[in-house]
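Please walk through the following predicted model with the sequence and the coordinates side by side.

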Number of protein chains: 2
Amino acid sequence: MAWAIAEFDGRRNICPLSWQMIVSKRPPMMAICLKPSRYSHNLIVNAGEFVLAWPGDNLADITLELGNSTGCDVDKFTANKLTTMEGEFVRTPLIRECIANLECSLVKQITTGDHTMFIAQVMAVWVNQNPQRPLCLVNDYAGYDQLGEKGGYRVGAVRKRLR
Amino acid sequence: MAWAIAEFDGRRNICPLSWQMIVSKRPPMMAICLKPSRYSHNLIVNAGEFVLAWPGDNLADITLELGNSTGCDVDKFTANKLTTMEGEFVRTPLIRECIANLECSLVKQITTGDHTMFIAQVMAVWVNQNPQRPLCLVNDYAGYDQLGEKGGYRVGAVRKRLR
């Protein structure tokens with residue numbers, strides 16, 4: 001799973017995503033899907049850009065919190081004590097605590113049923129030098145360490161190799 | 001990971017995919033990405049439909065074989081002793097050995113960099129009553145059972161819970 005980070009005209013938000021996919025290697029492109037009702041939706045439409053960030057297993061509680069609150073009411077950055085960084089190509093902030101941040105420039109947006117798909121070119125990738133395991137939406141296989149559950153979502157990470 | 005199954009004008013093919021995603025809940029819709037050079041690409045363009053099937057861990061070797069051969073040269077169905085079933089909404093065959101088969105009717109196709117994205121409405125879902133674990137492209141975390149490797153691809157499944 002990933003976080004979509006959006007900022008426009010002084011308003012900013014972070015929302016956890018489970019629908020994101022690579023859609024081109026050259027140039028590198030990603031697609032994400034958001035419901036039009038999500039607070040981040042129109043921020044992305046207006047900004048023409050977003051940041052796609054990957055949370056590690058140390059961000060399990062915060063990810064569940066992000067998914068169970070709305071940016072209408074609260075600034076999720078300060079509420080969750082997240083540190084922002086400046087990107088090189090986009091104005092949207094990056095999140096220092098994440099495993100990786102992708103600066104994404106919107107190429108196309110299309111309606112797919114009850115969601116909007118945002119298709120973007122990846123302009124730059126920032127990788128944390130101290131990476132945690134990627135956070136996943138998980139089921140009850142033993143291969144996952146279960147790290148938290150809230151609002152119908154359960155997060156975890158694939159278990160580390162033991163040697 | 002999934003298999004895309006395509007058939008048009010007497011030609012048919014199966015190709016393993018790692019880029020597939022749900023893009024709408026109501027109606028249910030999926031998107032997949034294929035390179036235009038793939039043999040299945042024009043079959044899907046011409047047929048206006050495809051089947052998306054999920055292989056289980058018992059299909060690891062066949063999945064690697066499917067990804068390392070081309071439908072130009074060989075009928076992958078007979079070469080891999082796969083059993084076809086008829087769908088209800090599409091002419092493209094389903095694969096009995098898979099965990100699930102989705103009948104997909106093409107809604108839109110767009111170019112995303114070096115790939116084509118096919119966006120489809122899911123018309124019907126067939127679920128195997130005797131499901132295996134879903135096959136994944138894997139890395140070397142211990143949480144995966146590694147089931148095979150060929151041509152740069154490694155497949156496996158999330159380890160089962162031991163009680």
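Helices (H or I, at least four residues) and strands (E, at least two) are here DSSP runs, numbered from the N terminus. Residues are numbered from 1 along each chain as its sequence is written, while chains are lettered from A and ligands numbered from 1 in the order in which they are written. This is a predicted model, in which local features need pLDDT of at least 70 and side-chain atom pairs count only at pLDDT 80 or more, whereas totals for chains, interfaces and linings use all residues.

As to confidence, pLDDT is the predictor's confidence in each residue, from 0 to 100; its mean over chain A is 92, and 96% of the residues of chain A reach 70 or more. For the model, the ipTM is 0.89 and the pTM 0.92.

Chain B contains an open sheet of seven strands, in the order 2-1-5-8-9-4-3 and with antiparallel pairing, where two strands are said to pair if DSSP finds at least two bridges between them. Strand 2 (11-17) and strand 3 (20-24) of chain B each have a single partner strand, so these two stand at the edges, with one side of each left without a neighbour in the sheet. On average, and with direction ignored, neighbouring strands of this sheet are turned by 35° against each other; axes are lines fitted to C-alpha atoms, for helices over the stretch in contact, and angles run from 0 to 180 degrees between N-to-C directions. Within the sheet, strand 4 (residues 29-34) and strand 9 (residues 115-127) of chain B pair in the antiparallel sense over six bridges, and A31(B) stands opposite I119(B) of strand 9.

Helix 1 (residues 39-47) of chain B packs on this sheet, touching strand 1, strand 2, strand 4, strand 5, strand 8 and strand 9 of chain B, and its direction makes about 60° with that of strand 1. Contact between two residues requires that their C-beta atoms, placed from the backbone, lie within 7 Å. Which residues of helix 1 of chain B are buried? They are S40(B), H41(B), L43(B), I44(B) and A47(B), where a residue is buried if 20 or more other C-beta atoms lie within 10 Å of its own, exposed if 12 or fewer, and partly exposed in between, with C-beta atoms placed from the backbone. Helix 2 (residues 60-67) of chain B lies across strand 1 and strand 2 of chain B, running at about 110° to strand 2.

A further open sheet of chain B is formed by three strands in the order 10-12-11, with antiparallel pairing. Its edge strands are strand 10 (136-137) and strand 11 (144-150) of chain B, each of which pairs on one side only. Strand 10 and strand 12 (residues 153-158) of chain B are joined in the antiparallel sense over two bridges, and the bridge partner of L137(B) in strand 12 is V155(B).

In chain A, strand 1 (residues 2-8) holds I5(A), which counts as buried because it has 31 C-beta neighbours inside 10 Å. Beyond its neighbours within four places in sequence, I5(A) is in contact with residues including I14(A), F50(A) and V51(A).

How do the two chains come together? Chain A can be laid on chain B with an RMSD of 0.0 Å by a turn of 180° and a shift of 0.0 Å along the axis, which is the relation of a two-fold axis; the copies are superposed by least squares on the C-alpha atoms of residues with pLDDT of at least 70 in both. In chain A, the C-alpha nearest the axis belongs to G143(A), 2.0 Å from it. In the interface, 28 residues of chain A are in contact with 28 residues of chain B. Strand 3 of chain A gives the most to the side of chain A that touches chain B, with four residues. The residues of that side divide into 15 nonpolar, five polar and eight charged, where Ala, Val, Leu, Ile, Met, Phe, Trp, Tyr, Cys and Pro count as nonpolar, Asp, Glu, Lys and Arg as charged, and the others, Gly among them, as polar. Of the interface residues of chain A, 100% are also interface residues in chain B, so the copies meet through the same surface.

Some backbone details remain. The peptide bond from R26(B) to P27(B) is cis, with omega near 0°, and P27(B) is found in the loop between strand 3 and strand 4 of chain B. D9(B), in the loop between strand 1 and strand 2 of chain B, has a positive phi of about 55° although it is not a glycine.
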